[in-house]
Every structure is written in C-alpha cells, then in structure tokens.
Amino acid sequence: MASTPPNKDSSTLNYMDRPQNSPSTDTDEKAPAQSSERRWFSRPREHRLVGFVPTAIVLTITLVFVTTIVAFLLGTQYAPVQGGRGFKAAIDHKSFVLNEDKWRTGSSSGGHLRVLTLSALASHLISDTSSILMTLVAYRVGAQWLRVSREGESQIAESPTAFQYGLIVRLMGSSSISAIGEGCVYAARSRARHRLPRLFKQALGMSLGIWIFARLVGLTDLWLHTTSKSILTQDLILDASQTHMFAAKFNETICPAQRAALQAEGTDPDSHDVYPCAFEFDMFVQEDDSMSSTGFSVMANESYSAWNVITLADAADLAILVPGPAVDTSNISYTYIASTFAIRADCNSLNSLCTKDATNATTNCTAAGYPQLPHFTTNSSDTVVSSSNQVDDFIFGVVNGQLAGIDLGLDDPDSLMVDNPATMAIQLRWNSRVEGDTKNVYGSAAKSNNPTDLAIDTYPQPTLYAGCQVSFFNASVRLDGARNAWSLLNLTSASSAFSTNLALPTLQQYATEHLASNLFATAKSRPKDEVMAALNQHLARLMLGATAGYFEPAPATDVYLVVPTLLGQYGVAPVLTLISLLCLYALLALLVFLSSWWTTDETVVLSDESFGAQEKSMLALAQAWLTSPAPLIGAALRRAGDQDGMQSVSGRFSGRAYEGNQNDARVAIGLTNEGFGIWSHGTGPKIAGVAEV
C-alpha cells in the first residue's frame, strides 16, 4: 500500500519522528509512555448488543413504512368501489381502492396518491440503508475472521489474502455496484487467484444479495407506479341544512278569480270537472304576460329560464320539466328526487295516406282518419276551402271528431276537453326561397321514387301532415348529480281536466312556429321514420315548455350533496410484494444482528500506567477494520513511539489514524524511487527524477 522513500531504512513508511521531549501541539495527546509501562491482553467478553444502532435504524425505517402503508390501506379503503373492506375484499377486486381525499386538509381541490409517495420514499431509503446493513454483515464476517485467526496455521487457508482483504473492505464499506463487480470478476478468475476463503464468499454473497434486494424494492416501486391510477368518483352526503326547491308543482295562484267564482257558487274548485284555469281560457295564457314569457323562454332554451325541458331516451322520449339554468346551485351538484310533469308524443305521417291531385299535392286526409286536413285559410281570418297555397302551420286538437284550436274560435271549455291521451293533428308548410328543382334541393329523402318513404309533400311546397297521440303525466324523477343524468322513477296519467290545461297553450299555437323551425331541416332531408322520431321529441318538449308558466318550484326530497372524491387504485400484487420485501429486509437485518450478538467475543484490554486501562470489543474493532480503510492507514502511516498503537483501539473514527496540525500529518502521492506510492512530507521530497528522452 505504501512505498518506502529513498535514503531510509527498509522499515514501514512512517510519519516524521517527533522528539519525545518536545511539547505536543495537539492538546488531546499526551507524551508517549515507555513500552514497558503498557500491557496488551484480551479476555472473554459477555454477550452485549453489538451493532444495535445500525440494526435499530434499519428496523425502524422498514417497519415504520410497513406500518404506515398497512394503516393507510386499511384506514382509507373505499368500500363502494372495492366491494368491501379488508385485504380479502381487495384481493377479490385485485386492487386496493383508497379514498385519497379522506385526510385532505384545507381548501385544495387536488389530491395525492399517498401510497406511491410512501413507496418511492421507502425505495430510496432502503437503497441508502443497504450500506448500514453491510456494517451488520461486517460483524458476522469479522467474527469468522477472528475465529480463523485464533486457530492459526490450521485455518490459514480460510484467511484472506491482502488483496482479498482490500476487496472485502470495499464491499463492507460501500456495497456499490462497482465494488460488487470487482469482487465478482475476481471470484470468477479461478486460475489467477488464491483460494477464496469462506468469509470472502460470505462478504461477496451478502453484498450481492443486499444490493439485489434493494434493487427489487426499487423495481417493485416502479411496478407500483406504472400500474396505479387515480379515479374520480362522487360521494353523496345528505343535505338537510336547507330546503331545495328543485321539484315542480302547479301554481294555484294564477287563476284566483276562477277559483273565487266557483267557491261563490258553493263548488269546490279542486273537484270541478274542468281545472279552474281552463275557464275563460281565451283570457288565460294569451293575456298573461308572465305566462307567455316564461313559456317562450323555456321553448327557446334561454339561459335565464327558470325551467328546462329535456327528453329521456330510455323512457321512450318522455319530455320532463326540470329546473332551468337560472336555478343557481353555486357550482354544486346535487342528487335528489323531484315531482314534476311529463308529456310523450307518438306521431304518424299522414302524407302517403291522404288523397292527392295530379301534381301529387295532398287534397284530403279522410282516408287517413283526419277529414279536416288539410286546413285551408285565406288572408282574412275566415275559414274557407281554397287553394293549397293557403295551407298554414297549425297544431290542432281533435275533440269529438272536430278540430279544436284558437283559430277555430272554440269558446266553450267543455267542448275543448281533451282525452288523455289526446289526439292531435299537425300540418306544417315551409315556404322555400331556394331556387332549383325541389328534389335536388331537399336532399336524399326527397329524391326517393317511392312516395311512402317521404314524410312531406314536395309540391308545391314542402308540407307535412301528421296525426299524434299525446299523453300527459304526473312524474317522479331522480337526478344523479354525479353523472348529471335523469331517470324516471314513477309515472301516472294526468286527469282529463289537467291534460286540457297542459294542451291549451299549444292549441293556442304558442309552440307552432318553434315546431316548424326545429323540424325544418329534418323534415326536408331525412326519411319518414327519422322525421317522425324528431317530431315526437320536439312536439312533447315544446308542448311542455309552453306550459312552464303554470308551475312554481316545490321542495325536492332525498337531496344529497355530490362531493367529487379522488380515489387511488393500487394493484394488490405490487403492494403486497412491496410490504413483503420490506418485512424480509427487516428480518434479514434482525437475523444478521442476532447471529453477531451470539458470536463469541473478547475484550481487548490496554493497561497503561499513564492513560489507565482501556477496554474495547474485539468484534467491534474487527468490524471497524472491515468497513473502513482508516485503521489500516493509521497502522501503516503512524508516528514513531509505542503510543501510536493506541490508535488501533480508538473509539473515535478520526482517532484511528494520526491527525496532527504540523507538516508531519500531511502525506503526498506520486512516483518514488521504489515505485508509485504515498509518503510523509516530514521525510522530504521523494519524487523520482524525470528520464530524458
């Protein structure tokens, strides 16, 4: 390790000798004692906790992580998604589903996948503590070396060579991949080395095993990271703090005069055959500005509307009344059950069933069961039979075989009473300004050679005739705030009187222009079945929207606040693998500690008249010589005098080699006359001359 500088004897390279009588510059040092005053000997040592601190560090780190991960797994499981609580439920689900928001504090809307954080931290710390675990292994290797050394020549083959000792120091001190690589390469060169002693094999095997173990923890952490994912779900919290007006009820105050008149006659308004608001219906919706404005805003889907009408595809396109965009929920979602009203339409095309003239224009729909269609008008309001150019847009009710609607001047409420379901007749005509052949302008449906495929007449203008059955209901619906989806819970048919009230705005043609506009493109470009499906949806939605002014908010029931919740989903396999590896790592540290603790140890006793008696564990000293090069350096580069032998049993790491504050404490490195090496500055320059070329 060290080379002897020139002009010196063949003894080991020493620091500069200091005169024994010179004062010491190190306040901690005392004058060297004579060798005759010092005695070295050993004696059996009682079993003590050797390596307790590194063992405690490794056990604390691993078991704290295991405990924390298991506690988090058991304490935050989300049973609704996982299918129960506990390890069995997680294994059946093949993943742990944890509520990551359960321990969230503050107003932050974010969340953390905490198991991934714990896993990453455990992986880094296990990698760092592998060197600590190697110090425990050094106790075990040191015990074997001491035993082999005590047995002398009989076990000389089990003692390491100088080079093997250097490799062991590297393995025990760092356990890095480079040190393990050098040890493996050396062990593989069976013909170019001495026999490997058992303690070298153990040191190399344990180093390689611990390194692989730490890498397995890292790979498991990577596995866990690549298979874990976050899930956003919704928690429902019962909100009984206030009354939520999300339901709809009929506003009884919109017709107080009619109710008062019935009560003056001694008749209960609620038991009358005709719903009170149907009386004097010419003065009803038509002249009530608030009624008409509410209906128009809902039909137009305006952003300030208090109501909205949607259709449920899974309930045969049932149109239901729900709270509109003007209902402020403060960006909070709710799940609730609400009473409301609903309409469903079932329409059939009449165009192909009606009688047509030579131009293929419809002239009479008696054969289709609607003898009153087409309904012709003139520029005056008189009803006449005239040319087809005077067919206008109308939605009629059919009562006792007669068309009913405001255009027909029906003033008697009893004659306007509709059934439930109500029969309705529709005629719509679109006056096109587009030039060109009608069949080329109006798309693939109009180009069909089979008139029965069409929902409209193409001459002289696109015209639609349809007969519909419209049903009116009282409904109970549920809003799933998590998915913003409505579902039908209960449906009951409305009375004939209430159905008449719901039909009134439509028979007064409040929805006609909206219906014609909404159906414009579909009727002229799509096949009959698609046109009728669109007509069903639009008619039901517009009829209910036109009546929105009838209703006022009412309390909803079973109102739950929808709270977005972040879940973490972790695979069972990587989680349990990580926990198992951490437990095995702790067990390995404990076994190495116990094997060293039960090893026979001796106490090194230094009896010095000047310094008193000092006792050191021989196993602890051997461990120090195996994990650090400092003791060897202290022995090879030491001051003259017997006192320097005390460095070999120093309890301080820095005390294992001479550390003065004069030049004799400095060493140099380079080429000397005897080769490359290091030497003390106190001996003068020993650099070899430079050869001339």
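**Entry 1: ground rules**

I am working with a predicted model, in which local features need pLDDT of at least 70, side-chain atom pairs count only at pLDDT 80 or more, and totals for chains, interfaces and linings use all residues. I count residues from 1 along each chain as its sequence is written, and side-chain values use heavy atoms, with hydrogens and water left out.

**Entry 2: the whole chain**

I began with the overall make-up and found 17 helices and 20 strands in the protein chain. Helices (H or I, at least four residues) and strands (E, at least two) are DSSP runs, numbered from the N terminus. Of the 693 residues, 46% count as buried. Buried means under 20% relative accessible area, exposed over 50%, and partly exposed in between (1.4 Å probe, protein chains only). I also looked up contacts, meaning heavy atoms within 4.5 Å. Among contacts in the protein chain with a separation of 6 or more, 71% are between residues 24 or more positions apart.

**Entry 3: cysteines**

How many disulfides does the structure hold? I found two disulfides, each being a pair of cysteine sulfur atoms within 2.5 Å. As a reminder to myself, a disulfide is a covalent bond between the sulfur atoms of two cysteines.

The link of Cys 354 and Cys 365 is right-handed, with 105 degrees about the S-S bond. Cys 354 counts as buried because its relative accessibility is 8%, and Cys 365 is buried at 0%.

Cys 184 is partly exposed at 31% relative accessibility, and Cys 583 is partly exposed with a relative accessible area of 35%.

Next I turned to Asn 364, which I located in strand E9. Is Asn 364 buried or partly exposed? Its relative accessible area is 28%, so Asn 364 is partly exposed. The C-alpha atoms of Asn 364 and Cys 354 are separated by 5.8 Å, while the two residues are ten apart along the chain. Leaving out residues up to four places away in sequence, Asn 364 touches Cys 354, Thr 355, Pro 371, Leu 373 and Pro 374.

Two packed helices are described by the angle between their axes and the distance between the axes. Axes are lines fitted to C-alpha atoms, for helices over the stretch in contact, and angles run from 0 to 180 degrees between N-to-C directions.

Helix H1 (residues 52-75) packs with helix H4 (residues 114-151) at about 165 degrees, with the axes 9 Å apart. That makes H1 roughly antiparallel to H4, a label for angles over 145 degrees. I noted 17 nonpolar, five polar and one charged residues in this contact. Among them are Ile 61, Phe 65 and Phe 72 of H1 and Leu 118, Leu 125 and Ile 132 of H4.

**Entry 4: H13 with H14**

Helix H13 (residues 512-525) and helix H14 (residues 528-546) pack at about 160 degrees, with their axes 10 Å apart. H13 is therefore roughly antiparallel to H14. The residues of this contact divide into eight nonpolar, four polar and two charged. They include His 514, Leu 515 and Leu 519 of H13, and Val 531, Leu 535 and His 538 of H14.

**Entry 5: two buried spots**

Thr 220 lies in helix H7 (residues 198-227). Thr 220 counts as buried because its relative accessibility is 5%. Not counting residues up to four places away in sequence, Thr 220 touches Pro 574, Thr 577, Leu 578 and Leu 581.

I finished with helix H16 (residues 618-627), where eight of the ten residues are buried, so the helix is largely enclosed by the rest of the structure. The buried residues of H16 include Met 618, Leu 621, Gln 623 and Thr 627.

Note on methods
Parallel < 35°, antiparallel > 145°, perpendicular 65-115°, else oblique. Nonpolar A, V, L, I, M, F, W, Y, C, P; charged D, E, K, R; others polar.
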